[in-house]
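Please keep the sequence and the structure in view while reading.

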Amino acid sequence: MDRSPYCKHFRSLGCNLNSIACKCVVLVIIALVIRVVLLPTYSSFYGTEQNKLVLVSNLSFSSLSASTNFGIRKDKFLEVPQIVWGLNNQKIAFARACLTARLMNRTLLMPSLSASLFYKEVELLKPISFDKVFKFDKFNSLCDGYVQLGKYSDLKNQTGMFEIQKGSGRRWTPERDLDQLKQHSKDLYDEHETIRIVGKNPFLWHDHWPVKDYARVFECLVLVDEIMREANRVVSRIREIGAEQVSSKSESAENSLLLKSVPYVAVHMRIELDWMIHCKNLERRLNITEICSSKEEIMERVGNIVGLKTPAVVYLAVADSLLQDPSILNGWKKGLVPFEKKKLGFDARYKKFPYLIQSAIDYEVCLRADVFVGNSFSTFSSLIALDRTQKLIKMGVNSSCGVDVRWPTYAYNILGESKGPQKWMTNMSGSSLKAISYGSNQISC
């Protein structure tokens, strides 16, 4: 009986097919062949134990973009320092922490936000739970499979924690920072249920993600019902005043229809003393002039918006220090009727809430405005511009240049058409969030 070519090769090498040694060699070769054939089938995702891991498709650090759709492990966690500063600085810091956890394929433990606004007096910061501002379950539902929030009650072993110290200074480059995250995402550290990052506020961490990734996280942030109800009250009052301006003699049924159709303009008016000092210093350092705007310049440019229908109520989102300055309500173009929260009668209601909640109410009121005008070097204005850009893109509008669009946004610090403010849509193809985090006068429509 003929033997196979493989058998002949074994005989030529002096291997007796009936010997135990030769049989072992054959078994090893067969095992290696099976491993080579079957391994790709199993290496494209991590093991899936129900409730611990959502199916993951090839986690790769070479691609950190939102287009990679993979699940997040629910039994491994990342903890970050308390998130501080203004509302929108905190939103950016939170999104950066989420994206860091995503990169490491871990669930982010729900961080503490800061209810008060202090930049240096850290001991005066008042922590507030994330779920007192944003809906926890709604966040996980909207961001399912992209990023995941967990609670400390989810931890099985609260002592199994490994600490990472964030680097700082000029020598701590983005490359070194990313390398640190990669190193601590390897199997070697998977024995630790929780990795804790210690050091500076996440807003100050290096930025490794494009604008679209941040926008994906921001879309999942939904304010709790209490804050939304307060915003609803303010918006309803603004529209009531607008309806009164348009027609004070209409029948009640007509007024009801009018109330829903009357537009309003929201202006994020940055002219408070500490801002003016900051922006003047920034203009000197960057050697540019389109950052600061006086109240007169803001009033003039808002009044010159092409196609703005009047009469219109102008809601002024201003710092509390300006509520005692009546001059911000004077000097507006005929047909523009300015109001701030004090004149609206909401000052006392606002004061019931900490700074962070007040800012969240103002953000929602500005976001819903038919026209929004802000400063492109303000994080508050920039995130509203991003949110409104996302709305337009979902409607199929990718540019507002030379056309009338629903929910137009403008930057009053940059001169635009007919001596009005510059039209503004966020550049969603940006490779980082730098222009939004720190401001830019290179904006597009």
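Predicted model: local features only at pLDDT ≥ 70, side-chain atom pairs only at ≥ 80, totals over all residues.

Residues are numbered from 1 along each chain as its sequence is written, and side-chain values use heavy atoms, with hydrogens and water left out.

**Confidence**
- The protein chain has a mean pLDDT (the predictor's confidence in each residue, from 0 to 100) of 82, and 79% of its residues reach 70 or more.
- Residues 1-15 have a pLDDT below 50, and this stretch has 11 contacts (heavy atoms within 4.5 Å) beyond near neighbours in sequence.
- Residues 35-69 also have a pLDDT below 50, with 49 contacts beyond near neighbours in sequence.

**Helices α3 and α6**
- Helices (H or I, at least four residues) and strands (E, at least two) are DSSP runs, numbered from the N terminus.
- Axes are lines fitted to C-alpha atoms, for helices over the stretch in contact, and angles run from 0 to 180 degrees between N-to-C directions.
- Among the residues in contact are Phe94 and Leu99 of α3 and Tyr214 and Phe218 of α6.

**Helices α13 and α14**
- The axes of α13 (residues 355-368) and α14 (residues 379-394) come within 10 Å and cross at roughly 40 degrees; the two helices are therefore oblique to each other.
- Residues meeting here include Tyr363 and Leu367 in α13, and Phe380 and Leu383 in α14.

**The sheet and its helices**
- Six strands form an open sheet in the order β10-β9-β8-β11-β12-β13, with mixed pairing (two strands pair if DSSP finds at least two bridges between them).
- β10 (336-339) and β13 (421-423) stand at the edges with a single partner strand each, so one side of each lacks a neighbour in the sheet.
- Strands β11 (residues 371-374) and β12 (residues 409-415) run parallel and are joined by 3 bridges; Phe372 has Thr409 in β12 as its bridge partner.
- Helix α7 (residues 225-246) packs on the sheet, touching β8 (264-268), β9 (312-317) and β10.
- Helix α14 lies across β8, β11 and β12, at about 150 degrees to β11.

Key
Parallel < 35°, antiparallel > 145°, perpendicular 65-115°, else oblique.
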